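Welcome! Take a look at the structure, try each task, and then follow the solution step by step.

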Amino acid sequence: MWGAETARNYDTPGSGMFAPEVLEPAVDRLARLAGRGAALEFAIGTGRVAVPLAERGVPVTGIELSPPMVEQLRTKADEATIPVVIGDMATAVAPGEYSLVYLVYNTISNLLTQAEQVACFRNAARHLVPGGRFVVELWVPELRTLPPGRTATVWQNEPGRIGLDTYDVLRQHVVSHHFRFDEAGQARLFRSPHRYIWPAELDLMAQLAGFERESRHADWAGAPFTAESRSHVSVYRLPPAR
Ligand SMILES: C[S@@+](CC[C@H](N)C(=O)[O-])C[C@H]1O[C@@H](n2cnc3c(N)ncnc32)[C@H](O)[C@@H]1O
């Protein structure tokens, strides 16, 4: 899924997920949460968040499974500026101690079992100093859009684009299908499998790893999280040293 072609086309400087109004509030909040300490990004990708965060003076390290994504990061920051360990965020260990570990853009759902997701929380805890924080940005599962007896929902239907989610509710799996087609009928498909997590389940995973939830907001700027919120930024904290 995160091969060379996806990596080459991932960055959209100034627009989409790279738009300043999307990125700046996230970087501001993460910089405040890191304080004077260092930050570790799980699934650092091409450095969308890590590069501007490092430019603010926060030392940032990454863990990332896909070498092609890291190759793209290397066009923007060298190994000395943003070191990256190639590995699985549920198990890989990065050298050093961190005041902040963060995992954004729904990426915890790329781990497809509950056990791996819990392991990811434990791995975050392992890297943190006492009192350190783990920040997770995640969407709220959209099961209210799935009528009883159906297994798929259409979330996009525009000229040249169809977006379809297929559900396996027993395994809490959703596969997001992005179809792009031209006038000649030639279509391309990008599929991404996820294990969706309810906010309460996420909190329990955090507890299993020794965290307490410090805050939950609907966005990076601190909007209240409500029953209608479509995603959340949750901050978990380890107990301070005694
Ligand atoms: C949606 S991108 C997010 C990248 C970056 N955090 C951002 O905000 O732009 C998801 C990234 O997660 C990485 N990834 C997926 N599963 C992973 C795993 N188990 N361990 C480490 N990285 C993983 C992918 O290779 C990809 O770079």
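**Exercise 1.** What kind of link joins the side chains of Asp203 and Arg213?

Before starting, a word on the model: it is predicted, so local features need pLDDT of at least 70 and side-chain atom pairs count only at pLDDT 80 or more, while totals for chains, interfaces and linings use all residues. Residues are numbered from 1 along each chain as its sequence is written, and side-chain values use heavy atoms, with hydrogens and water left out.

*Solution.* 
- Step 1: Asp203 and Arg213 meet in a salt bridge, at 2.6 Å from N to O. The term stands for a side-chain nitrogen of Lys or Arg within 4 Å of a carboxyl oxygen of Asp or Glu.
- Step 2: Asp203 lies in helix H6 (residues 199-208) and Arg213 in strand E10 (residues 212-217), so the bridge ties together parts that are 10 residues apart in sequence. Helices (H or I, at least four residues) and strands (E, at least two) are DSSP runs, numbered from the N terminus.
- Step 3: Asp203 is buried, at a relative accessible area of 15%, whereas Arg213 is partly exposed at 44%. Buried means under 20% relative accessible area, exposed over 50%, and partly exposed in between (1.4 Å probe, protein chains only).

**Exercise 2.** Find the residue that forms a salt bridge with Asp203 from Arg216's side of the pair, and say whether the two are buried or exposed.

*Solution.* 
- Step 1: Arg216 forms a salt bridge with Asp203, and their closest N and O atoms are 2.7 Å apart.
- Step 2: Arg216 is in strand E10 and Asp203 in helix H6, 13 residues apart.
- Step 3: Both Arg216 and Asp203 are buried.

**Exercise 3.** Which residues of H6 are buried, and what covers them?

*Solution.* 
- Step 1: The buried residues of H6 are Pro199, Glu201, Leu202, Asp203, Met205 and Ala206.
- Step 2: Their cover includes helix H5 (114-127), strand E5 (128-139), strand E9 (187-195), E10 and strand E11 (231-237).
- Step 3: After H6 comes Gly210, with a positive phi near 95°.

**Exercise 4.** Which residue forms a salt bridge with Arg56?

*Solution.* 
- Step 1: The partner is Asp28, with the closest N and O atoms 2.6 Å apart.
- Step 2: Arg56 sits in the loop between helix H3 (50-55) and strand E2 (60-64), and Asp28 in helix H2 (residues 20-34), so the pair ties together parts 28 residues apart in sequence.
- Step 3: Arg56 is partly exposed at 42% relative accessibility, and Asp28 is partly exposed at 31%.

Methods: Contact = heavy atoms within 4.5 Å.
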